[in-house]
Amino acid sequence: MTQRSAFVLRVRPDKVDAYLEAHRNVWPEMLQALRGAGIRNYTIFRAGNEMFGYFEADDLERAASYLERQEVNARWQDTMAELLEERVPDTGPPPLEEIFRLA
């Protein structure tokens, strides 16, 4: 069964352009790690310096565990930490609570 997750991140206002550029050119090995984790339909939307992310996986816990073990994920998170107001935990961004869904 498909599980969904969503999150919000705040990018430092002076780093928004760098964040956008990084996501126009996500490292191929990072994309491979996300796919290897079973993550799909990963989308990030922007409102000013706030980023809303959404993705799906069959098993979110397994996906997070897989990514934690990937060296490229640690490097990516280190790089993104320089752009964000608050570093994303190694286990991933805190998920938003789902309160409505039109199925």
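Here is a chat about aromatic rings, strands and one glutamine in a predicted model.

Visitor: What sort of model is this, and how are residues numbered?
Guide: This is a predicted model, in which local features need pLDDT of at least 70, side-chain atom pairs count only at pLDDT 80 or more, and totals for chains, interfaces and linings use all residues. Residues are numbered from 1 along each chain as its sequence is written, and side-chain values use heavy atoms, with hydrogens and water left out.

Visitor: How many aromatic pairs are there?
Guide: The count comes to five aromatic pairs, where rings of Phe, Tyr and Trp (its six-membered ring) pair if their centres lie within 6.5 Å, and planes under 30 degrees apart count as stacked, over 60 as edge-to-face and the rest as tilted. One of them joins tyrosine 42 and phenylalanine 55, whose ring centres are 5.3 Å apart with planes at 50 degrees, so this pair is tilted.

Visitor: Which strands hold tyrosine 42 and phenylalanine 55?
Guide: Tyrosine 42 lies in strand E2 (residues 40-47) and phenylalanine 55 in strand E3 (residues 50-57), so the pair ties together parts 13 residues apart in sequence. Strands (E, at least two residues) and helices (H or I, at least four) are DSSP runs, numbered from the N terminus.

Visitor: Is phenylalanine 55 buried or exposed?
Guide: Phenylalanine 55 is buried, with a relative accessible area of 12%, while tyrosine 42 is partly exposed at 36%; buried means under 20% relative accessible area, exposed over 50%, and partly exposed in between (1.4 Å probe, protein chains only).

Visitor: Which residues do ring pairs link into a cluster?
Guide: Ring pairs link Phe7, Tyr42 and Phe55 into a cluster.

Visitor: Now the strands: how do E2 and E3 run?
Guide: E2 and E3 run antiparallel and are joined by six bridges, and two strands pair if DSSP finds at least two bridges between them. Arginine 46 has methionine 51, in E3, as its bridge partner.

Visitor: What about glycine 48?
Guide: Glycine 48 takes a positive phi near 65 degrees in the hairpin of E2 and E3, which has two residues between the strands.

Visitor: Changing topic, where is glutamine 77?
Guide: Glutamine 77 has its place in helix H4 (residues 71-81), and this residue is buried, with a relative accessible area of 16%.

Visitor: And which residues is glutamine 77 in contact with?
Guide: Leaving aside neighbours within four places in sequence, glutamine 77 is in contact with Arg87 and Val88, where contact means heavy atoms within 4.5 Å.
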